[in-house]
Amino acid sequence: MGESIQAVRGMNDLLPGEAGPWQALERAARETFSEYGYREIRLPLLERTELFKRSIGEYTDIVEKEMYTFSDRGGESLTLRPEATAGIVRACLSNGLLHNQRQKLWCMGPMFRYERPQKGRYRQFHQIDVEALGYEGPDVDAELILMTARLWRRLGLSGISLQLNSLGTPESRAVYRARLVEYFGSRADALDDDSRRRLDVNPLRILDSKNPAMRELVAGAPLITDHLDDASARHFDGLRARLDEAGVSYVLNPRLVRGLDYYSRTVFEWITSDLGAQDAVCSGGRYDGLVAQLGGDPVPAIGWALGEERIVELMRLQQRAPAGTNAEVYLVLAGEAAERAGLRLAERLRDAMPALRVETNCGGGSFKSQLKRADRSGARLAVILGDDEVGRGVATIKSLREDGAQRQVPLDDVPSTIAAERAEAPTD
Ligand code: ATP
Ligand code: MG
C-alpha cells in the first residue's frame, strides 16, 4: 500500500461540518452587495505574472517573496492570484467595462500567497472583494466603509474597529518619502535588515514593520498626514465628515500605509483584538493611478477585501457561527418495492415543500440500521416504508425526537401530513 498523500502546507480542507459560518458569511455578503447596487464578477485564478508585478509593485512583500509563479507548458509565466484588484482592473480593461461607464463590482474566492502558515495566515486563503471604478469620492469611499459596517452588524460581530488614513497623491507622497528617507537614513544603525533594505526601494513600508524593536523609531517618524496636498486633505476631510454623520467611529492612524504600492488617498483597515497577531480582518483603499498604470485611461477607483478565514474565526469566537443544516425528513426504505416507491415519494415531498430537506436512505440496510442513520442525520421525522406498506399504500411517520410517537397514513397523505407537522414544529 502506498503512503497517503498529504494536503499542501498552508492549504486547508473545508469539511462539511465547518461549512455553516462560511455559507452564512457569503450569503450575508451577497445580500449586502446587492442592496448597495454592486454586481458580481468572476475571474480566472491565474493571470500573467506581469499583471501583478506592474500593479502591486516589484518591491512589495507579495511580489518579492509571496507569489506562486510558474511557467506553463507553452513557456508563459503565470501566477496564481495573490489578490483580486489587479485581475478586476485587467478584466475591466480587456472587456471595455470602463468605456463611458462606471462599475460597482464584487467577487469572492481563493487567493494564494507563499507566506509562513500560522493561525489566521494561510497559503490558500479566501477573500471577499469589492471595487468601485470610475468614482472619485469621497462619497463612494464612505459608502464602501458603511457597507462593511453593515456587514459586521448583519453577522452580529462586535469589537471590530476602523483605522483610517490618507496617502495623498503620488506627488505629495514623493515629498513625504524624501522626508522619511532623511529621517530613517540618519538613524540607519537602528534599522533592522528588512527596514534597511526598504529604505532605498520602499521607505513607506518601514512604517508597516511588524518588528517590535522598530516601534519607537517608527513612532518618531514624520507623519504623512502633515504632508497631504490640498485636494487630498479636502478629500480626507470629506470622508471623515460623512463617516461622522453616519455615526461610524474610526481611529486616525497616520502610520497605516498598506502593503501594496498602488494605493493613493484613502486607506483603511478594520482590526480586531480577538484574533491575536493576525488582527486585520478587512483592508482597503483608493487606487486612482492603477487603471492608467495598467494601460487604460486614468480612472479613479477604490476597493476593499476581507479575509474570510479571519471573519469565520471571529464568528466562532463570538458565538455567531451557525451550525450547518441537517436533513429534516429521512426516508427509511426496506425492500426493493419500498426503495422505488420511496424515491418517487421523496420527489413529491420536494415538489410540495421546496425548502424541505429530505434525505432518502440509499444503499439498503435493515430497518434497524436505517433508523440509526435516520437518527444520525439530525432529521426530526422518519418516513418508514417496507414492501408490505407499499402493497397496502401506506407509510409510517415516526418522530425521531419525541419518544418515537408514530402513526400510519395513506401514501398520498404523506406530503400534507408532513407539511402540517412542520407548521407546528419549531423551525431549526
Ligand atoms: P496582513 O497585514 O495580515 O498580512 P495584508 O495587508 O497582507 O494583511 P491584504 O492584502 O490587504 O492583507 O488582504 C486583505 C485581507 O485578507 C486581510 O485584511 C486579511 O484579513 C486577509 N489576508 C491577507 N493575507 C492572508 C493570509 N495569508 N491568510 C489569511 N488571510 C489573509
Ligand atoms: Mg500580508
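Asn100 sits in the loop between α4 (85-94) and β5 (103-112), where helices (H or I, at least four residues) and strands (E, at least two) are DSSP runs numbered from the N terminus. The model is predicted, so local features need pLDDT of at least 70 and side-chain atom pairs count only at pLDDT 80 or more, while totals for chains, interfaces and linings use all residues. Residues are numbered from 1 along each chain as its sequence is written, chains are lettered from A and ligands numbered from 1 in the order in which they are written, and side-chain values use heavy atoms, with hydrogens and water left out.

Phi of Asn100 is near 50 degrees, a positive value in a residue other than glycine. A cis peptide bond, with omega about 5 degrees, joins Gly137 and Pro138, and Pro138 belongs to the loop between β6 and α5. Most residues other than glycine have a negative phi, and most peptide bonds are trans.

Polar contacts, meaning pairs of N or O atoms within 3.5 Å, can be followed atom by atom. A polar backbone atom of Tyr122 is 2.9 Å from a nitrogen atom of ligand 1. An oxygen atom of ligand 1 lies 3.0 Å from a polar side-chain atom of Gln127, and an oxygen atom of ligand 1 is 2.8 Å from a polar backbone atom of Ala280. Taken alone, ligand 1 exposes 590 Å², of which the protein buries 91%, with accessible areas from the Shrake-Rupley method and a 1.4 Å probe.

Finally, the helix packing. Helix α1 (residues 19-35) meets helix α5 (residues 139-155) at an angle of about 140 degrees, their axes 10 Å apart; axes are lines fitted to C-alpha atoms over the stretch in contact, and angles run from 0 to 180 degrees between N-to-C directions. That makes α1 oblique to α5, since angles under 35 degrees count as roughly parallel, over 145 as roughly antiparallel, 65 to 115 as roughly perpendicular and the rest as oblique.

Methods: A polar contact is a pair of N or O atoms within 3.5 Å; within protein, one must be able to donate a hydrogen and the other to accept it, and residues adjacent in sequence count only if both atoms are side-chain atoms.
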